[in-house]
Amino acid sequence: MPKQVISAQLILLTTTVAMACQGCSTPARKETRLHEAQPGDVLVIKGDTTIKLSKAFRPGSPNGLFDGGVSISSPEMEERSAEVNAVCSMPNLPNWPEYDNIYGRWLEEDETPGSEGGDTDWQLLIYFNGTTQNKGREEAPTWAQRLAENACRKEDFRDN
């Protein structure tokens, strides 16, 4: 075969393989805004930990969210579920605190979010001045602040 035909075939083969491999790459994980999310959507990615919506949050008033559920997965631990409540405030809103409040409790294997009320395992207050305060029986998970930002439409979850 002439050299030009072999070169053209090699280029065509290389291009085909390259294009096929692009389809093989792992898709980028993307966070979904809570108010647009459906169960199964990723809400937060914090390092190797992924937080997915397992039960839709019911909107509160004026900007609070409560009785939602999430599933947490990471390479370091078995998947775990939690009921999460977030109370979102706004600066200078009369009779509302100057912080957002997110709290939750770990669910047992057969338990569903919103079926039981009561005890809270962890709670994080996120003050508008940038400080945070743990108030629960245990430290809030590292992803809690990012989930509160999503729930309360803050930081890069802010509506435009």
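Predicted model: local features only at pLDDT ≥ 70, side-chain atom pairs only at ≥ 80, totals over all residues.
**Aromatic pairs, a disulfide and a buried helix**

Y127 is partly exposed, its relative accessible area being 25%.

A search of the whole structure finds three aromatic pairs. One of them is formed by Y99 and Y127, in an edge-to-face arrangement with 5.1 Å from centre to centre and 65° between the planes.

W106 is in strand β6, whereas W143 is in the loop between β8 (132–134) and α2, so the pair ties together parts that are 37 residues apart in sequence. Both W106 and W143 are buried. Ring pairs join W106, W143 and W122 into a cluster.

I turn now to helix α2. How many of the eight residues of this helix are buried? Seven are, so α2, residues 144–151, is largely enclosed by the rest of the structure. The buried residues are A144, R146, L147, A148, E149, N150 and A151. After α2 comes R153, which has a positive phi, near 55°.

Which residues does the disulfide join? It joins C88 to C152, with an S to S distance of 2.0 Å. A search of the whole structure finds one disulfide. C88 is located in the loop between β5 (77–87) and β6 (99–106), and C152 in the segment after α2, so the link ties together parts that are 64 residues apart in sequence. The link is left-handed, with -80° about the S-S bond. Both cysteines, C88 and C152, are buried.

Finally, I consider two serines in strands. S54, in strand β2 (residues 49–55), is partly exposed, at 37% relative accessible area. Beyond its sequence neighbours up to four places away, S54 touches P39, G69, V70, S71 and P113. S74, in strand β4 (residues 65–74), counts as buried because its relative accessibility is 13%. With residues up to four places away again left aside, S74 touches D48 and T49.

Conventions
Residues numbered from 1 in each chain as written. Heavy atoms only, no water. Buried < 20%, exposed > 50% of the residue type's maximum accessible area, 1.4 Å probe, protein only. Helix = DSSP H or I, 4+ residues; strand = E, 2+ residues; numbered from the N terminus. Contact = heavy atoms within 4.5 Å. Disulfide = S-S within 2.5 Å. Phe/Tyr/Trp six-rings, centres within 6.5 Å; stacked < 30°, edge-to-face > 60°.
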